[in-house]
Amino acid sequence: MYKEVLRSMENVEIFPIISLVIFVLFFIGMAIWALRVPKDYIEHMSSLPMDDDKELTDKQP
Amino acid sequence: MNDTMLERFQYDNKIVKYFGAATIIWGVIGMLVGVLAATQLFLPEANLGNPYTTFGRIRPLHTNAVIFAFVGNAIFAGVYYSMPRLLKAPMWKKSLSWFHFYGWQIIILAAVLTLPLGLTSSKEYAELEWPIDIAIAVVWVAFGVNMIGTILTRRERHMYVAIWFYLASFITVAVLHIVNSLALPVSFLKSYSAYAGVQDALVQWWYGHNAVAFFLTTPFLGLMYYFLPKAANRPVYSYKLSIIHFWSLIFLYMWAGPHHLLYTSLPEWAQVLGTVFSVMLLAPSWGGMVNGLLTLRGAWDKVTNDPVLKFMVVAITAYGMATFEGPMLSFKNVSAIAHYTDWIVAHVHIGGLGWNGFLTFGMLYWMWPRLFKTTIYSTKMANTHFWLGVLGIIFYALPMYVAALTQFLMLREFDEMGKLAYGNFLQTVVELVPMYMLRAFGGLLYVSGAILMGYNMFKTAQQGTFVETEEDSAPALAKNYNPRGEFWHRAWERKPIFFAVLATVAILIGGIVEIIPTILVKSNVPTISSVKPYTALELEGRDIYIKNGCVGCHSQMIRPFRFETERYGEYSKAGEYVYDRPFLWGSKRTGPDLHRVGGKYPDSWHYFHMEDPRSMSPGSLMPPYPWLVTNELDYSDLPAKIRTMQKLGVPYPEGYDEQAVADLQTQAAGIATGLKDAGVEVLPNTEIVALIAYLQRLGTDIKVSSSN
């Protein structure tokens, strides 16, 4: 019983740390990607809401 | 791709019109119920003298109506308008759209019927009983299937950021709703939570917090990313920022739930986790706000003229204020003030009235004339609405902040003798009455604006002609599209299913890390041997407490502060709640905490106090409950309740369901006899007797152990 409690206590501490690490890695990856992404893609994406009334252009990436 | 044939297709405006109309109709109803509830806080007689319209029951009606009916229908109107246009494809199945529309309205009607009747699980924003919960899940999944089907049949290769927000909201709300609503039915309209005490509290606030995140925030960010650029006629300020802020937001939000439970019996590590992640949440939240406001760069001259943009700017500013306040409130020392006081009420209304309300209004004012191919009937009226709304928010929020600080300072004041300066909780509430009046006035202003809008929309519809479908054309997506040198995120975005799985993983990590340990690890809830299951009569009394929404004003959680332990008694321990299904910690104290009320007053005091609170506490703002004295206690489902509790692991002896009724009658007779000695004639089989039994039991179990 005592062992079980101890083991579970360790789990409690490791859980949040693992996922914090996952998040930080993911975030760094995401930031690097966002900085390197080509400009034409960003322009295309941000113009999507404005496209409604026009025929879709064929420069779609 | 140049040789691809253009495909013609149609956008369905009718579903948008229906959801839009439902938004404003339910919005006005929900707000009026709110004003009624607010009025009862300074004028208890405004409960109209019956249980169905008394505060405890209409407060959940108000919250459900504005969250799920007003904001919900607004989300659906916006999604059904923007999604097909962003994806160059009509919604996948019209039948699903309409199933969604009518299903959702029927669910709202079910809530309007059941909540005043006292059929409630009492878990905040998840009050509806299990059959309605199942209906919500079915309708919600229909909505999701329709969205995913649309994404799969799209003609635009990449999903715009608004779509990500819609998708993440759909997935997360589904997960939250199902996990939090897990319960074991007793009968058709009664169930007990699958979790008990601390675990129930943790699951509930993991749900409650993320319902705010994924019902009131992320769908609206999606709407903002579509309708704000449309209204301002310029693309979003930084698309890169929107990508980073999306992933950070959905990842971090899931962790922050425990900040609703600081200083409670929740394990310390979970509380710390809640605080840390709440503070981190400030960054992505403000990322969204900054992105919204900067989209208007160079267009501020338009803001002064266009009511649509005015509403949107105030909405985004309110979002910024509320998401700054949120992390601040999750610091333990700030939470100590705000928790249980009107501060939280102010905070949610900055978000609700400012962010959700104003963005909805802006969106509808933009969309409505376009649906009817006309201009808005009266811009002047829309501007009046804007100012009524702004004044409404100010009159609502400021008095609430003042009320919170006033009450907190009074509650914690000690005199020179070391005694509480205001020993009676009522002294502090009476002080707040003028603030409550101002708040109700603020609400009245706000709802008048919404009514004005309803009229304006009606007249706009009348002067235009409805465009039921809009034609558009686009080339079909080329198959086997596989460009070289494409970065990973960009590739994900054209793989919606993979993207959805990824978003699910992101939200699940936070949820799993937070909840699983508390549920699995017994050591997180220290057991106290003297804590015993409720008796049959107390269990029935507890259900009366739940039915009447007592939890709306009374907490059952004494925090470890001297000014609380002096007032209420020994602070609450996690182990005391192991048989509480659902937990009844509450989130707001308009009346005193009741966790240690057991044995504090004689039975007769409770009897007279329930019949007319002012007879025992002059000036009390509690509504009278005379019907409890005459209502016969219905314990026909008692054996079923006992069996359900046994299935959930409550250690009633085997076969106790057969014996429970006899036990109940014995205990009730005892209480009735005791009351008779005190000069009160009451039948033993009345609701009041059961309620007294429950109240007298509250928090007494640990006294048994200390006296031993």
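Mentor: Start with contact: two residues are in contact if their C-beta atoms, placed from the backbone, lie within 7 Å. Keep in mind that this is a predicted model, with ipTM 0.74 and pTM 0.92. Chain B has a mean pLDDT of 92, and 95% of its residues reach 70 or more.

Trainee: Which residues of H4(B) meet H5(B)?

Mentor: On the H4(B) side they include B:Trp140, B:Phe143 and B:Met147. Their counterparts in H5(B) include B:Tyr166, B:Phe170 and B:His177. The contact divides into 14 nonpolar residues, three polar and one charged.

Trainee: Why is B:Ala168 called buried?

Mentor: B:Ala168 has 28 other C-beta atoms within 10 Å. The cut-off for buried is 20 or more, so B:Ala168 qualifies.

Trainee: Where is B:Ala168 found, and what does B:Ala168 touch?

Mentor: B:Ala168 is found in helix H5 of chain B. Leaving aside residues up to four places away in sequence, B:Ala168 touches B:Thr218, B:Ile250 and B:Ala503.

Trainee: How many helices and strands are there in chain A?

Mentor: Chain A has two helices and zero strands. Of its 61 residues, 15% are buried.

Technical notes. Residues are numbered from 1 along each chain as its sequence is written. Chains are lettered from A and ligands numbered from 1 in the order in which they are written. This is a predicted model: local features need pLDDT of at least 70, side-chain atom pairs count only at pLDDT 80 or more; totals for chains, interfaces and linings use all residues. Helices (H or I, at least four residues) and strands (E, at least two) are DSSP runs, numbered from the N terminus. Ala, Val, Leu, Ile, Met, Phe, Trp, Tyr, Cys and Pro count as nonpolar, Asp, Glu, Lys and Arg as charged, and the others, Gly among them, as polar. pLDDT is the predictor's confidence in each residue, from 0 to 100. A residue is buried if 20 or more other C-beta atoms lie within 10 Å of its own, exposed if 12 or fewer, and partly exposed in between; C-beta atoms are placed from the backbone.
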